[in-house]
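I opened this model to look up its core, its helix packing and a handful of single residues. My notes follow in the order in which I took them.

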Amino acid sequence: MSAIERGYGDDIYEYTNDLYCRNWLHEAWLLLDEHVVQLWTPRIKALDTRHKAATIDDDGQAFDQVHRLPGPDLWWRRRPRILTGVLGRSLRSAGAIGADPNTA
């Protein structure tokens, strides 16, 4: 999360790999026992809240132009607020507008 909050410097492939990991966690959550779910839910919710604050909901418009969206999940409909590096250039070329990392 801290990488997204300060400006994700990697490319679209690394970022989408991170999103696929979040998808996996969402799917695996259903298989976990109640104790594990209760233990980890506050931490996961806190990270999801940070993700929401560090991203912009554009309904997947920019991502869909550079990577096919796998589904309707929230995290795939959002893109980083601060656009830097290769990912930032890819999303800007798809029409995304982001904050300047020097002022964000």
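I count a residue as buried under 20% relative accessible area, as exposed over 50%, and as partly exposed in between, using a 1.4 Å probe and protein chains only. The model is predicted, so I note that local features need pLDDT of at least 70, that side-chain atom pairs count only at pLDDT 80 or more, and that totals for chains, interfaces and linings use all residues. Residues are numbered from 1 along each chain as its sequence is written, and side-chain values use heavy atoms, with hydrogens and water left out.

Entry: helix α5.
I started with Gly88, which lies in helix α5. Helices here are DSSP runs of H or I with at least four residues, strands are runs of E with at least two, and both are numbered from the N terminus. Gly88 has a relative accessible area of 2% and is therefore buried. I took its C-alpha distance to Asn17, 71 residues away along the chain, and got 16 Å.

I then asked which residues of α5 are buried. They are Leu87, Gly88, Ser90 and Leu91. Viewed down the axis of α5, the buried residues fall within an arc of 165°, so they line one face of the helix. The arc is taken over the directions from the helix axis to the C-beta atoms. An α-helix has 3.6 residues a turn, so residues three or four places apart point the same way.

The buried residues of α5 pack against α2, α4 and β2 (78-80), where contact means heavy atoms within 4.5 Å. On the other side of α5, I found Arg89 and Ser93 exposed. Arg89 has a relative accessibility of 55%, which is why it counts as exposed. Arg89 and Ile12 are 77 residues apart in sequence, and their C-alpha atoms are 9.6 Å apart in space. Just after α5, I noted a positive phi of about 100° at Gly95.

Entry: the core.
Which residues of the largest nonpolar core touch the most other members? Of its 16 residues, I list Tyr15, Leu19, Phe63, Leu87 and Leu91. The elements that give two or more residues to this core are α2 (12-29), α4 (61-66) and α5 (85-93). The largest share, three residues, comes from α2. By nonpolar core I mean a set of buried Ala, Val, Leu, Ile, Met, Phe, Trp, Tyr and Cys residues joined through side-chain atoms within 4.5 Å.

I looked up the contacts of Tyr15, not counting residues up to four places away in sequence. Tyr15 touches Ile4, Tyr8, His51, Thr55, Phe63, Pro80 and Leu87. Thr16 is also in helix α2. At 3% relative accessibility, Thr16 counts as buried. Leaving aside neighbours within four places in sequence, Thr16 is in contact with Phe63, His67 and Trp76.

Entry: α2 against α3.
I found α2 and α3 (residues 34-54) packed at an angle of about 150°, with their axes 13 Å apart. The axes are lines fitted to C-alpha atoms, for helices over the stretch in contact, and angles run from 0 to 180 degrees between N-to-C directions. From α2, the contact is made by Tyr15, Leu19, Arg22, Leu25 and Trp29. From α3, it is made by Val37, Trp40, Thr41, Ile44, Asp48 and His51.

At the other helix positions I checked, His35 is found in α3. With a relative accessible area of 58%, His35 is exposed. I put His35 and Ala53, 18 residues apart in sequence, at 28 Å C-alpha to C-alpha.

Entry: two loops.
Asp59 lies in the loop between β1 (55-57) and α4. Most residues other than glycine have a negative phi. Asp59 has a positive phi of about 60° although it is not a glycine.

Thr84 and Gly71 are 13 residues apart in sequence and 25 Å apart in space, C-alpha to C-alpha.
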